[in-house]
Structures are given as C-alpha cells and as structure tokens.
Amino acid sequence: MTSHAVMVRIILDSWILVSALCYILSSAADVLGTTNRPVLPQVGYQAAGVACQASFDANHVELKGRLAILSLGHQITASTETLLEHQLETLYACNFLRMAKGNDLVVTITSDAQAAKLALESVAQRHLVLIINISPWPGNQAKILGSAKFLQSLMRVGRSHSNPNASIGSAQTRVLLTDCCDVLFRNDDWCSGSGTAAGGGDLFKRFAKLTKQHGWRVVFSAERGTSMLASNEDYMARLHAAPPVAARPPRGWLVPVWRRRGHKLRQARFSHAPSELPPNPLLLAKGTPDVCTEVDRVCIHHKSVNSGLVIGELEALANLYSKVLRVCGDGCSSNNPAAAASDQNILAHYLLTSHFCQGQCSLDYNFTLFHTVQLWGSRDYLVKNDVYVLGTHGKVPRLYIRLPIAKHSDNSSTIPKVLSYSQNQAVLISSDWIALSPSVYKEAWFSVPACAFHAAGSAKFPRGAPNLDLIRSGLDLHAPLRTFSFVQGQSAVVTADGNVLALRKRHALIRSANRHNSQS
C-alpha cells in the first residue's frame with residue numbers, strides 16, 4: 001500500500017474516532033444535564049461524511065448512490081495506477097466498496113460519464129457500478145491499458161482490506177467489464193436472483209455456474225464477425241481481389257449470412273484467419289458448416305471474441321489484461337496515435353496464442369450470459385411472451401434466434417457425411433454471402449437466455465437498426481427501465497420517473513416487429 005493511501009486511511013479513521021469520542025462525551029454530558037437529545041449521532045455521521053467528501057473531491061471521485069465515477073483526466077499515464085489506488089482506497093474507507101453484494105462489480109471505461117450513468121442506473125440498483133472516465137477518448141486500445149491498471153489496483157487494494165481470517169475457499173471478487181452506452185442490460189425477473197432449475201438468475205450467478213461446470217474463469221461474448229482478427233493489409237488484399245459485385249445466391253437456398261462489404265474503421269496489427277478459431281460447439285453438434293464470407297469474413301458460427309462484454313474472477317481478469325497489455329506494448333499508451341486501433345485484435349491474438357488462457361477463458365457460445373446483436377437481421381429473431389418460469393412473477397418474455405442446422409443433425413452418426421457433402425455441393429460462399437442447400441440444411445429456433453446485449457455502434461445511429469428495435473420492443477424496453485438499462489445516444493432521453501422518450505417516432509418499427517412476431 002502506498003504512503004499516500006496509508007495517510008488517507010489514517011485521516012479517515014481519525015475523523016471517525018474523534019466523532020465517536022465526541023458522541024460518547026456529549027452523551028455523558030446530556031445524561032448529567034438531564035437532556036437526551038438524539039442529535040450527536042447525526043453529528044458524528046456528518047463528520048465522517050465530510051471527511052469522505054473531502055477525500056472524494058481530492059481524488060476526483062463522484063458518488064451517486066451505488067454508482068461511482070472515477071475521473072482519470074485526459075490520458076492514462078504512469079501515475080494513473082497510483083491515482084486509481086487512492087480512489088479505491090477512499091471507496092473502501094468510506095464503505096462504498098464494502099457494500100458489494102457477493103463481491104460483484106460492474107465496470108465501464110468511457111469518455112462520457114453522464115451517458116454511462118444514465119445507461120447503467122438500473123444495473124446499479126442490483127450491483128455496484130464503477131465508471132472510469134477518460135476524456136477526450138484516447139482510442140479503443142486504451143481500454144486495455146485502463147482495464148489492466150484498474151484491475152491490478154483493485155486487486156492490491158482489495159487484498160489490503162480483506163479479512164485475514166477468511167477461509168481459503170471464500171468467494172472471489174467477480175467483475176463485469178462492459179462497454180458504456182451500446183449495451184442493454186435486462187433486469188427483469190428472468191435476470192435477477194439466483195435463478196431456478198429452469199434457468200434464469202443474474203449474470204454473476206450464471207457465471208458462477210459456468211465456472212463450476214467448466215472451470216472457466218473468464219468468459220467473453222461471442223460474435224459472428226471476424227474482420228478484426230486480420231491486419232488491415234490482409235483485409236485490403238482480400239477486398240481488392242474480390243469482384244466488384246457478388247452474384248446473387250441461388251433462389252430458394254438458405255442465406256444465413258448476407259452482408260455488404262465495407263472498409264475497416266480501426267487499424268489492426270495482428271493477422272489471424274477465422275479457421276484458427278474453434279468452431280461453435282452448439283452449431284458443430286447440429287451439423288452447421290463452419291464457413292465465413294471471403295471479404296469481411298462474417299461467419300455462420302458465432303465464434304469470435306467480442307471485447308465489449310467480458311466477465312470473470314478478479315485475479316484471472318487482472319492476469320489476462322496484464323498479459324494482453326504486454327503484448328500490446330507501447331501501442332496501448334493513451335498518448336500514442338496507435339491507441340485508436342482495435343483492442344479486439346489484440347485480445348483475440350492473445351487468446352488464440354495462449355489457447356484461450358490454457359482453457360481458463362472461453363466464449364459464451366450458448367448465449368447464457370451475453371448476446372452480440374450486430375450481423376444478425378430482424379428476421380433472425382423472435383420474441384414469445386407466453387413463457388411461465390417458476391419463481392418469477394407471471395409471464396417472462398423469451399428471445400429466440402434462428403440458425404441453420406443440418407436436416408439430419410439429430411443423428412450424430414450422419415453428421416460427418418453431411419459435413420463432407422456440404423463442403424462440396426450444399427454450401428456456396430461468395431465475398432458477401434453464404435448460401436446453403438435446402439435439401440441438406442434447415443433453420444431452427446434457439447433460445448437466447450442472455451441478460452446483456454451488445455449492439456456495437458448503435459449509439460451513433462439515431463434511427464437504430466431493425467434487429468435492435470425488435471429486441472427492444474419485444475422485451476419491453478419502451479416501458480420504464482426495469483427490463484433494460486440503455487440510452488441510445490441522440491435518439492432517446494430518460495425522464496425523472498425512468499421512462500424512455502424517443503425523440504424520433506418509432507411506431508412503424510414497433511408495428512413491423514409485432515407483425516413479424518405474429519406471423520412467426
């Protein structure tokens with residue numbers, strides 16, 4: 001612990017001790033003076049509160065209920081880790097971090113603390129939320145540096161405040177690292193508590209079950225896109241080699257992927273092929289071919305790393321991000337122009353070369369925790385509102401996603417033959433789409449029990465996207481923010497009573513989503 005941190009604790013403890021002594025002496029005087037006014041306990045509380053507020057102000061910490069904003073200035077420097085330790089020491093000394101229910105924390109790194117506060121207010125009703133504010137935004141690779149510094153500081157400060165008599169098997173702090181304002185958190189009955197035998201429960205309870213079942217200590221959201229795995233040079237070579245316009249897929253064939261090619265917005269240093277990623281076990285078991293488009297490399301299997309949603313045990317997360325930071329090197333410095341490059345590229349490179357942390361890291365292939373929305377269309381989703389789950393209050397809306405499977409996937413002995421045949425005759429791959437023969441493949445609906453939905457980039461587009469609108473309306477996001485915590489940049493504001501007011505009329509989109517549900 002640093003000398004400054006020790007001084008902070010001594011000052012705060014002294015304030016509290018002096019306040020308590022004053023209360024005892026004053027209470028004795030009150031007894032002698034035959035008065036019994038219950039005033040001094042409030043005075044003692046205020047004295048400790050004044051000391052905490054002074055420390056918050058000195059260390060650039062703002063407290064809003066169960067939500068804390070830690071301001072780091074305009075860049076991450078060598079002194080940032082010391083500042084973070086002072087901030088966390090203050091939060092421990094003033095009992096904020098001691099309130100963590102089940103040692104669970106939600107953390108985001110952002111350049112807009114107010115937008116993050118609105119987006120995560122409902123999450124803060126259940127969990128402590130820490131918003132790390134860096135403004136102006138130095139670039140996405142700075143998230144690696146910021147996460148590494150924060151997690152190491154949290155681990156050191158937490159150890160200094162831990163109970164030395166705690167058992168070896170005591171619960172570890174668990175941390176959810178989330179992007180700020182393009183993540184939707186479902187907070188209804190389905191995503192609260194410990195769940196039932198039929199499923200449900202909050203994110204941390206679900207993660208604990210995955211840890212117990214598989215031994216995973218860190219879990220990332222899975223997505224279809226793999227373009228950030230490749231360097232910009234490799235991507236541009238594929239783009240220039242592809243025909244200007246791809247032919248259309250055969251009529252009547254299934255087209256699970258069809259996406260217009262585009263230019264990469266972020267630089268990427270390392271280059272990996274989609275084939276280096278393990279196939280999605282859920283779809284592999286169903287005979288779904290593990291193939292991707294030729295240019296943007298959008299895959300049928302959701303098997304790529306999404307860096308905007310990751311949950312894990314504190315020690316494992318801190319170790320992971322420290323190693324990723326070493327791989328990144330000077331490129332992750334917030335005053336380096338390269339910091340604007342892709343953090344996803346660095347994370348994916350480390351996960352692949354470390355064999356997913358020697359088996360301790362994984363993707364959420366079954367959507368148990370997370371779901372990344374982009375690269376699926378609105379026709380791929382369905383919401384049912386007639387599902388009853390034991391332990392909840394009545395009906396719980398359930399989200400489903402449509403995925404292609406082999407027609408004979410229920411018979412595992414036929415899958416090798418199906419896959420062998422499909423690669424030659426039943427699967428067509430172009431620069432922009434993938435088509436599957438209906439004689440070999442069909443579509444099936446899979447449950448999406450996730451509690452956190454990442455719609456990357458949606459906050460930049462006031463009109464939203466049809467798939468996101470269907471999820472928002474189907475899961476009742478347009479009601480008060482009890483189901484999801486999400487504010488979409490310029491397209492919505494939150495009123496004092498927690499209602500979302502859209503600045504643009506979206507009734508047509510809602511009607512379209514409802515018609516889609518009724519037809520399905």
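## A tour from hairpin to buried histidine

Start by selecting Gly65. This residue takes a positive phi near 65 degrees. Gly65 belongs to the hairpin of β1 and β2, which has two residues between the strands. Helices (H or I, at least four residues) and strands (E, at least two) are DSSP runs, numbered from the N terminus.

Before moving on, know your model. It is predicted, so local features need pLDDT of at least 70 and side-chain atom pairs count only at pLDDT 80 or more, while totals for chains, interfaces and linings use all residues. Residues are numbered from 1 along each chain as its sequence is written, and side-chain values use heavy atoms, leaving out hydrogens and water.

**Zoom out**

Show the protein chain. It has 14 helices and 20 strands. Of its 520 residues, 54% count as buried. Buried means under 20% relative accessible area, exposed over 50%, and partly exposed in between (1.4 Å probe, protein chains only).

**Follow β2**

Select strand β1, residues 61-64, and strand β2. Four bridges join them, and they run antiparallel. Two strands pair if DSSP finds at least two bridges between them. Click Val61: Leu70 in β2 stands opposite.

Leu67 faces Val129 in β4 as its opposite residue.

Is β2 mostly covered or uncovered? Covered: in this strand, residues 67-71, four of the five residues are buried.

**Try a helix**

Select α4, residues 113-120. Its buried residues are Ala113, Ala116, Lys117, Ala119 and Leu120. Look down the axis of α4: these residues fall within an arc of 165 degrees, so they line one face of the helix. The arc is that of the directions from the helix axis to the C-beta atoms.

**Visit an open sheet**

Three strands come next, in the order β8-β15-β14, with antiparallel pairing. Which strands stand at the edges? They are β8 (254-258) and β14 (427-429). Each has a single partner strand, so one side of each is left without a neighbour in the sheet. The twist averages 15 degrees from one strand to the next. Axes here are lines fitted to C-alpha atoms, for helices over the stretch in contact, with angles from 0 to 180 degrees between N-to-C directions. Three bridges join β8 to β15, residues 433-436. Click Leu254 to find its bridge partner in β15, Leu436.

A nonpolar core is a set of buried Ala, Val, Leu, Ile, Met, Phe, Trp, Tyr and Cys residues joined through side-chain atoms within 4.5 Å. Select Leu91, Leu97, Phe220, Leu320 and Tyr321. Of the 61 residues in the largest core, these touch the most other members. Helix α9, residues 314-328, gives the largest share of this core, nine residues.

Stay on Phe220. Its contacts (heavy atoms within 4.5 Å) include Val305, Leu309, Leu347 and Phe370. A second, separate core has 31 residues, including Leu67, Leu203, Val219 and Cys451.

**Last stop: His301**

Select His301, in the loop between α8 (281-284) and β9 (304-313). His301 is buried, with a relative accessible area of 0%. Its side chain reaches the backbone nitrogen of Asn280 at 3.0 Å. Residues touching His301 include Glu223, Arg224, Leu283 and Asp290, not counting residues up to four places away in sequence.

How values were computed: Polar contact = N/O pair within 3.5 Å; in protein donor to acceptor, adjacent residues only side chain to side chain.
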